[in-house]
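I opened this notebook to record what I looked up, one topic at a time. The structure comes first, and my entries follow.

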Amino acid sequence: MDFLHSGLAAVQRHLAFVSVDPINWKFYVQVFSWGVTIFESYLLLRQYPLYSKTSPPEALASHITQEDFEKSQKYGKDKAKFSIFSKLFSQCVDSAMLQYGFYAWCWGAAGTILGKFGYGTDYEILQSIIFSFTMYLLSSLPTLPLSIYSTFWIEERHGFNKTTPGLFVTDLLKSWLVAFALGAPFLAAFLYIFKWAGDRFVPWLMGFMISFQLLMVILYPTVIQPLFNKLTPLSEGELRTRVESLAGKLRFPLKHLYEIDGSKRSSHSNAYFFGLPWSKHIVIFDTLIQQSKPEEVEAVLAHELGHWYYLHPTKMMAISQIHIFTILALFPAFLHAPPLLRSFDFPKLVSAAPPTIVAFLLFQMILTPLEAFISIGMNAVSRHFEWEADRFACELQDKLNEKSMNDMGDRLGRALITLHVKNLSTVWVDWLYSAYHHSHPTLIERLRGLESFRTKRAKKE
Ligand SMILES: [Zn+2]
C-alpha cells in the first residue's frame, strides 16, 4: 500500500499548483465544453448529407427494399436534425448555468433547506445529498421537453413509439425514485469514506466502487428492471430448445431464459445476458422473437455468448476500474483547492473548506475533454469485441464440432439485416461520425466481417 501512496503523493506534488494558483477554471470548462459540442455538431453535419442519398450501398442493395431504405433515410434525417438542435440547446443551458453560478446557488439552497429542518451546515453529507438531488432535478427540467418531443413526435411519426403519456410520467417518477433510493446511500457512503480515510481514500474508494458495481449486477435485474419491464420465462418451443442446447454445449451457466416486453415502450429490438459468473440469465426482446426466425435468434445468442466466452463484460469492467482509478488518483489535488471553488462563484466561506461533493463535481467538469477521448477509445475496444463475438458465432461449428452450425454466420447476417431494417437504422454512415459515436461496427462492416470469416475458413479446409 505504501508504494501506492507514495506514487499518488508524487502525482499530487505535480498538481500542487491547483490549490494555490488562481486559474480561471470556469473559462476553461466553457471553452472545452463548447469545443466538444462544436466538434459533435461538425460530425452531425458530415453525416447529415448522407441521409439525402437516394439508393442504398451496393452491399445492402439486395437485402433492403427501396421503401425500407427511404423510410430509414427519413428517420435518420429527423433524428439528426433533432440531435443538432438538442445538443446546442443543452449546451446553451449548461453554459448559462455555469456562467451564472448555478452550482454555487444549489449548494446555498441545499443549506437553506437543511436549515429549515433544524440542521446546520456542519452536516456536510446531508447537505451534499440535498445538493445533488436539487441539481439533478433542476438541471433535468430544461431537457424534459426534448425527451417528450423525441418520444411522442419523432419515434411516433416513424412508428416506434409504444409509450403512452401515462407510462412516460410513471417511468419518469420511478426513475427519480430509483435514483434517490440508490443514489442517496451510495453518495453517503462515498462521502463518508473520504472523511474516514483522509488522503488515503483511493484504495478504499476503489474497493467500495467495485462492491457497488457487483451489487448492481444482482440488484438491477432482480429489483430495478422489473419496475419498468415484465420478464416472463420464454415459452417452450423451438427457440427455447435451441437456446438451451446451445448454452449447454458451451457450458454457459444458464439459470433463467426470459422474454422481455420491450414492445411496451418501443419496437426497437435486442437480446442480452447478465448475472454472476455461476448463474446467468438470458433476456430476449419480444420484438426480436416476432421479427426473426428461431434459427436466426439462436445466431444472435451465439454472438451474445461469444461476449461471455471471451470475457468481454469482465474486460470492460477492468478497463473501467483503471478509468476510475485514474480519476481518483488525480482528484486529491482538486479536493483542497479554494481557488477552484472561487472560480466557479462559490462564496469565500464555502471555498475556504471545499465540500468534497462540490470539489468532485467541478473536477469532473474539468475532465470533460479527457472523457471525450476516453469514450472514443472505449468505443474502439467495444467495436473490436463485437467483431470477436461475430467471429465466435462463425467458428462455433468447429468449436463444438457441430455440422448443423455451419450456416451460423449466414443466420447471424440475416438476423442483423432484419434488426437493422426493422429498426430503420442508418444505412450510410460517415467514418469519423462512426468512429466517435458507435460502440458497434456498422452493418456493412459486420456483413463484410462475416463474409471474410467464411472465406478464411473455407481456405483452411
Ligand atoms: Zn455484441
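**Domains and a helix pair**

I began with the domains and found that 34 Å separate the centres of domain 1 and domain 2, taken over C-alpha atoms. I noted that this is a predicted model, in which local features need pLDDT of at least 70 and side-chain atom pairs count only at pLDDT 80 or more, while totals for chains, interfaces and linings use all residues. Residues are numbered from 1 along each chain as its sequence is written.

I then looked up the division of the chain, which gives domain 1 as 1–100 + 320–461 and domain 2 as 101–131, with bounds that come from an automatic or database domain assignment. Between them, 12 residues of domain 1 are in contact with 8 residues of domain 2 (contact requires C-beta atoms, placed from the backbone, within 7 Å). On the side of domain 1 that touches domain 2, the elements giving two or more residues are H4 and helix H17 (356–366) (helices are DSSP runs of H or I, at least four residues, numbered from the N terminus). H17 gives the most to that side, with 3 residues.

Next I turned to helix H2 (residues 25–47) and helix H4 (residues 66–99), which pack at an angle of about 175 degrees with their axes 10 Å apart (axes are lines fitted to C-alpha atoms over the stretch in contact, and angles run from 0 to 180 degrees between N-to-C directions). H2 and H4 are therefore roughly antiparallel to each other, a term for angles over 145 degrees. I noted that the contact includes Trp 34 and Leu 44 of H2 and Ile 84 and Leu 88 of H4.

Key: Angles under 35 degrees count as roughly parallel, over 145 as roughly antiparallel, 65 to 115 as roughly perpendicular and the rest as oblique. Two residues are in contact if their C-beta atoms, placed from the backbone, lie within 7 Å.
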